[in-house]
Amino acid sequence: ITQQLCLKLKQGDVCFDFINLYVKPFALDVLRKYNFKKDDEIVLFPLYPHHSQTTVLSSVENVKKAISALGIDSNVFVVDIFYEDELYNDMIIKHILEENEKFYPNEKKILLFSAHSLPMSIIKKGDLYEKHINEHIKILSERLKPYFSDFILAYQSKLGPVKWLEPNTGDILASLDKKAIVYPISFCIDCSETVFELDIEYKKVAKNEYKVVSCPNYSDEFIKFIESKI
């Protein structure tokens, strides 16, 4: 994404880079590459559509901590969550309908939204993630009603013995009598949870055929969306 943005914009006064939270490149390593001045602006863009203290909040706090540790006094701006953004949702709908047309086009299928799960203990403390996921699905479902027989929300990637958000995506796929389109609604970037867990692992238990829609990171529309935000 960063390479495509740089090639497209070709602006010497705008530089794109990326930071990861748990694997390299880390915030300190990336920030040290630049000689920030007081009148520069650092735009932090957490690539999570829905807010959670485990994703957006922890990512922003991590980078701000690194900025402080390095004594950088530039202006810092944070791009807000974007699940309600019209351009973003236009893109999602376009990608879903494109895959729907390729995958058994004469059958009306189920649209399964799969979101990364969270422990219920976090939700009960007031985390907004589940609320935002439900609101996002309502927005998308209203526009996609003519194309699918039903809409289902399920959660994936839970770990450990504690109670997590349910139902589980694998369990739903194991019980579906109809073919399905699966959209990983909480992901912008394809990763092990989408290309491996959704597209490979769950096919071992699925009762019927399904098609996973790729995350938007591969698309020109996603670049336009990022441009619109900055």
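I began at Asp199, which is partly exposed at 30% relative accessibility. For the classes I used a 1.4 Å probe on protein chains only: buried is under 20% relative accessible area, exposed is over 50%, and partly exposed lies in between.

I noted the ground rules next. The model is predicted, so I kept local features at pLDDT of at least 70 and side-chain atom pairs at pLDDT 80 or more, while totals for chains, interfaces and linings use all residues. Residues are numbered from 1 along each chain as its sequence is written, and side-chain values use heavy atoms, without hydrogens and water.

Then I looked up salt bridges (a side-chain nitrogen of Lys or Arg within 4 Å of a carboxyl oxygen of Asp or Glu). I counted 17 salt bridges by this rule.

Asp199 pairs with Lys203, with the closest N and O atoms 3.1 Å apart. Lys203 is partly exposed at 42%.

I moved to Lys94. Its salt bridge with Glu98 has a closest N to O distance of 2.6 Å. Both sit in helix α4 (residues 86–102), four residues apart, so about one helical turn separates them. I took helices (H or I, at least four residues) and strands (E, at least two) as DSSP runs, numbered from the N terminus. Lys94 is partly exposed at 38%, and Glu98 is partly exposed at 31%.

Last, I checked Glu107 and Lys179, a salt bridge at 3.4 Å, N to O. Glu107 is in the loop between α4 and β3 (109–116), and Lys179 is in the loop between α7 (169–175) and β5 (180–183), so the pair ties together parts 72 residues apart in sequence. Glu107 is partly exposed at 36%, whereas Lys179 is buried at 15%.
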